[in-house]
Amino acid sequence: MIIYNSLEEFNSIKHNLPKLSFVPTMGNLHEGHASLIDIAKKTGNEVVSTIYVNSLQFNDKNDFINYPKTLDTDIELLGKKGCNHLILPDSSILDNIKSIKAPIKSMKLCGAHRPGHFDGVLTILNRLFEIINPHSVVFGKKDYQQFLLVKDFIDEKKLNINIIGANTIRNNNGLALSSRNILLTEKDKLIASTLYKTLKDIEKNKTYLNSEYLKTKLDYLKSSGFKVDYLMSCDTESLEESYNINNNDLLIAVAAHLGSVRLIDNLVISKL
């Protein structure tokens, strides 16, 4: 794996590279990220990844400062998985950067609780797309809203990039793998797995899906120790609240705090 310690280093050789499949990350990598590398490799392209903790997408300064950093083990994981190129952008990535305003659907779900978050995500991705010019890009669907917004951005700007969505990787208890899980105690990890169990229970009982039923699940999560930002049933494209399970697949999405750690998860449930 070739490591580039600045954008300048990468720019100096990129004209010699073949087609690239891109896996952007903020580091503190785990098996969920490893699965994205595996998917990128299946495209037949060389794989490029980035590790960059993007300050633009943090509306909480302390969250940015405390974001876990494990560069040495990240490099080891990427190398073992067969990543070909790793870019470690320096601060110059923000020089004269073009600010991107995320669309209205960015204000739903997580965006309603993290003002400006998706503006920062799309702003940095637009810069990385310009630099790397990837053939394909791979995103996990654990952050379904982010995947959808990036897909829409690529379509709207008519970028010649194929976006691939990857299924969420979970531990044995169903907890979605996340870089922030390292901040959970073992006891909290067991409690955190309640999020997925709740989503699966909603799927099992989807014939009863309505706002009152979701309210009972919300109350259950609160009684389990979570501070819940949202538990919503949405249209899979517009992210508008919907319970029309008779005619459409629906996204059930949740974000909740356990102690100081914010967790997200979701499940697409099929129509009746």
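Biologist: How many bridges join strand 5 to strand 6?

Modeller: Five, and the two strands run parallel. Strands here are DSSP E runs of at least two residues, helices are H or I runs of at least four, and both are numbered from the N terminus. Two strands pair if DSSP finds at least two bridges between them. This is a predicted model, where local features need pLDDT of at least 70, side-chain atom pairs count only at pLDDT 80 or more, and totals for chains, interfaces and linings use all residues. Residues are numbered from 1 along each chain as its sequence is written, and side-chain values use heavy atoms, leaving out hydrogens and water.

Biologist: What stands opposite Val-138 in strand 6?

Modeller: Ile-164. Helix 6 packs on the sheet there, touching strand 5 and strand 6, and its direction makes about 170° with that of strand 6. Axes are lines fitted to C-alpha atoms, for helices over the stretch in contact, with angles from 0 to 180 degrees between N-to-C directions.

Biologist: And what's the strand order in the open sheet?

Modeller: It goes 1-4-3-2-5-6, six strands with parallel pairing. Strand 1 (2–4) and strand 6 (162–166) are the edges.

Biologist: Switching topic: which residues have the most contacts inside the largest nonpolar core?

Modeller: Phe-129, Ile-132, Val-137 and Val-150, in a core of 41 residues. Such a core is a set of buried (under 20% relative accessible area, 1.4 Å probe, protein chains only) Ala, Val, Leu, Ile, Met, Phe, Trp, Tyr and Cys residues joined through side-chain atoms within 4.5 Å. Helix 5 gives the largest share, nine residues.

Biologist: What does Phe-129 touch beyond its sequence neighbours?

Modeller: Leaving aside those within four places, its contacts (heavy atoms within 4.5 Å) include Phe-22, Val-137 and Ile-161.

Conventions: Buried means under 20% relative accessible area, exposed over 50%, partly exposed in between (1.4 Å probe, protein chains only).
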